[in-house]
Amino acid sequence: MESLRLQTSSVVLWPCIASILVVLVIYGSSDAPIGSSDSKSDLPVSIAIPMVQLRSKVITTTATSSVSDDHKLVLSSSNNQSTTTPHLLPNQTPPREASKRKRRSGRSKMEEGLARVRSSIRTAAAAASGDPNRSSPPENDVVSHGVVFRNPRAFHQSYLEMERKFKVYVYSEGDLPITHDGPCKDIYSIEGRFIHEMETGAEAGRFRTKNPKEAHVYFMPFSVTWMVKYLYKPLSYDLRPLREYVSDYVRLVSEKYPFWNRTSGADHFMLACHDWAPHASAGNPFLYNTSIRVLCNANTSEGFRPQKDVSLPEIHLYGGYVSPKLISPPPPNTPRPYLAFFAGGLHGPIRPVLLDYWKGRDESLRVFEYLPKTLDYDSMMLESKFCLCPSGHEVASPRIVEAIYAECVPVIISEHYALPFSDVLRWEAFSIKVEVSEIKRLKEILEAVPEEKYRWLKKNLKVVRKHFELNHPAKRFDVFHMIMHSVWLRRINLRVA
């Protein structure tokens with residue numbers, strides 16, 4: 001009898017062992033990247049994420065008590081199903097299989113739609129016959145000034161596709177003030193303005209969806225500026241509370257919803273303007289390396305990757321408003337007596353070099369550390385042909401947007417700075433770039449700009465101004481929509497299996 005029992009056990013165990021080996025072979029052979037390599041894109045490099053990362057993250061998450069069907073879908077090959085198979089009518093699909101096919105079908109349709117979008121953008125780009133300066137049809141006054149755009153037809157087509165299709169899900173998790181709020185009246189104003197517009201703005205309503213399954217991207221509405229205000233201990237230089245908050249937030253949404261684990265966060269985005277935002281995003285390695293980070297501090301030498309991240313313009317709203325003097329600059333033929341202007345503190349490595357060479361040295365190139373009380377900052381910009389925009393502690397500077405408002409040609413003096421909206425805009429058409437090593441030749445360089453080119457640069461500032469304006473409510477092609485378009489570009493460039 002004992003021998004018979006052993007034989008019977010062996011007969012039962014061998015099929016189980018064989019099934020386990022088959023499952024291991026299936027799961028162990030799926031390390032292909034999500035990013036498709038057989039299709040080319042005229043947008044930045046497509047993002048590829050190893051499938052093994054997704055699998056390990058999903059398996060970890062499914063160990064929690066709240067496991068959604070979308071999580072279980074990844075593990076559907078496991079053997080812990082009931083051995084009793086319900087009787088099915090001819091041609092009837094099992095309910096679980098039908099549910100899986102429906103979910104797959106929804107995601108497949110979304111990706112097929114984005115593939116058609118990519119095709120339509122390429123077609124529009126090709127219609128320009130290889131000339132990036134060729135304008136769109138005359139009736140389209142938004143991109144008729146093709147010279148400031150890399151490809152006006154491609155941009156216009158992409159923008160229209162965004163308005164028609166783009167859907168964003170805003171996570172409701174988190175409490176005020178650190179989530180669902182942000183600054184609206186200081187140097188980091190764009191952080192709070194975007195969060196408020198995204199959550200409550202009427203124009204943003206066309207992009208928001210309450211159904212997360214319909215979303216192309218997922219927005220995590222926390223404010224790094226408010227983290228610094230409420231969590232950071234002054235002068236401690238300890239940024240762990242910021243990283244811990246971000247880590248906890250990502251853990252919360254990844255355990256409650258299936259969407260983060262589906263792509264390791266590649267279709268999620270955060271937005272922050274504080275200098276320490278990149279450090280805060282390091283609270284989760286997938287957020288830092290995989291997600292779309294919309295940052296003012298767009299320093300390519302410190303982990304900012306233009307292929308997946310978005311450079312955010314820094315806009316300083318004093319008291320929540322743009323200076324009245326900058327809302328309506330003087331007519332183009334108004335004299336500008338000064339060659340260039342700068343006033344600012346000794347922040348970072350570049351400004352001390354600028355002030356050392358030029359502070360108080362030249363009456364036409366006005367450089368101040370602190371502006372005398374007899375002079376007005378906005379008036380000085382409006383009276384200068386060029387406005388110097390050196391980086392401070394970090395690469396971004398609100399002076400760039402202020403110079404655009406003043407129609408004072410920005411002179412960008414920085415290193416490793418990915419300029420905002422560079423996917424679309426040709427910065428060389430409305431600004432001057434000066435290397436740090438050339439600061440001592442600054443006056444020579446600016447005086448060498450022909451008058452005709454200067455007038456061309458200044459005229460183009462009027463064209464791009466709308467793309468850097470904060471409006472309430474938001475308006476088409478303004479800075480809110482340009483940020484959305486930048487996120488949209490990264491999403492349509494992401495191939496999700």
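This report describes the disulfides and cysteines of a predicted model.

**Disulfides**

The chain holds two disulfides. With bonded cysteines counted along the chain, their pattern is 1-2, 3-4. The table lists each pair with its sulfur separation.

| Pair | S to S distance |
|---|---|
| Cys 273 and Cys 296 | 2.1 Å |
| Cys 387 and Cys 408 | 2.2 Å |

**Cys 273 and Cys 296**

The torsion about the S-S bond of Cys 273 and Cys 296 is about -95°, so this disulfide is left-handed. Cys 273 sits in the loop between strand S3 (268-272) and helix H10 (277-281), while Cys 296 sits in the loop between strand S4 (292-295) and strand S5 (310-311); the pair therefore ties together parts that are 23 residues apart in sequence. Cys 273 and Cys 296 are both buried.

**Cys 387 and Cys 408**

The link of Cys 387 and Cys 408 is right-handed, with 110° about the S-S bond. Cys 387 belongs to strand S8 (residues 384-390), and Cys 408 to the loop between helix H15 (399-406) and strand S9 (409-413), so the pair ties together parts that are 21 residues apart in sequence. Cys 387 has a relative accessible area of 3% and is buried. Cys 408 is also buried, with a relative accessible area of 0%.

**Further cysteines**

The closest cysteine sulfur to that of Cys 389 is in Cys 387, at 6.4 Å, which is too far for a bond, since a disulfide requires sulfur atoms within 2.5 Å. Cys 389 is buried, at 2% relative accessibility. Cys 184 has a relative accessible area of 18% and counts as buried, because the term covers values under 20%.

Definitions and conventions: Residues are numbered from 1 along each chain as its sequence is written. This is a predicted model: local features need pLDDT of at least 70, side-chain atom pairs count only at pLDDT 80 or more; totals for chains, interfaces and linings use all residues. Side-chain values use heavy atoms; hydrogens and water are left out. Helices (H or I, at least four residues) and strands (E, at least two) are DSSP runs, numbered from the N terminus. Buried means under 20% relative accessible area, exposed over 50%, partly exposed in between (1.4 Å probe, protein chains only).
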